[in-house]
Amino acid sequence: MNRRAGSAGKFQPFRVGGKDLLTSVAAQPGARFPERFKKDLLKLIPDIDLSNAVLIDDVANFLIAGQEGNLLWLQQTFDDVPKFERLNQYEKLEYVPPTRRAWALERNKLSWALGVILEARNSSRRVKGSTFLEQLKSLTHDSKAVN
């Protein structure tokens, strides 16, 4: 949760980062952008508590070493297409949802992410000795959830 959200404690995005907040890392010549640059939550919010921080991103492996557990990856995503019936009107989509259900799930990806974050927070409070990030990982990876 963003502590800057006030006493209501609402979830609130803090900021969208630009290239100035990225860290250049060693990579092979010709490497893709996310392999050459990494996001650093401490550059985004210097006083952030990493034990309760999550970066929601559509690019896997985009955080610097040591912060990988703070990533909630949205998995495969597609460009915004407001109506399922218009998918065929777009020529350069990298991913085309095969069904209306898949399209609807993609349109609601941020709702899914918020649900995962809320469940991880609630589970970490219920389960003694469990952390928020452990619960987040258990909800998004092929491992058994800690209950």
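Are helix 4 and helix 5 parallel, antiparallel, perpendicular or oblique to each other, and why?

## Basis of the model

This is a predicted model, in which local features need pLDDT of at least 70 and side-chain atom pairs count only at pLDDT 80 or more, while totals for chains, interfaces and linings use all residues. Residues are numbered from 1 along each chain as its sequence is written, and side-chain values use heavy atoms, with hydrogens and water left out.

## Helix 4 against helix 5

Helix 4 (residues 109-126) packs on helix 5 (residues 132-140) at an angle of about 130 degrees, with the axes 8 Å apart. The two helices are therefore oblique to each other, since angles under 35 degrees count as roughly parallel, over 145 as roughly antiparallel, 65 to 115 as roughly perpendicular and the rest as oblique.

Residues of helix 4 that meet helix 5 include Trp 112, Val 116 and Ile 117, and among their counterparts in helix 5 are Phe 132, Leu 136 and Leu 139; contact here means heavy atoms within 4.5 Å.

Ser 130 lies in the loop between helix 4 and helix 5 and, at 13% relative accessibility, counts as buried (under 20% relative accessible area, with exposed over 50% and partly exposed in between, using a 1.4 Å probe and protein chains only). The side chains of Ser 130 and Gln 135 are joined by a polar contact of 2.9 Å, a term for a pair of N or O atoms within 3.5 Å, one able to donate a hydrogen and the other to accept it.

## Asp 57 in strand 3

Asp 57, located in strand 3 (residues 55-57), counts as buried at 5% relative accessibility. A polar atom of the Asp 57 side chain lies 3.0 Å from the backbone nitrogen of Val 59.

Note on methods:
Axes are lines fitted to C-alpha atoms, for helices over the stretch in contact, and angles run from 0 to 180 degrees between N-to-C directions. Helices (H or I, at least four residues) and strands (E, at least two) are DSSP runs, numbered from the N terminus.
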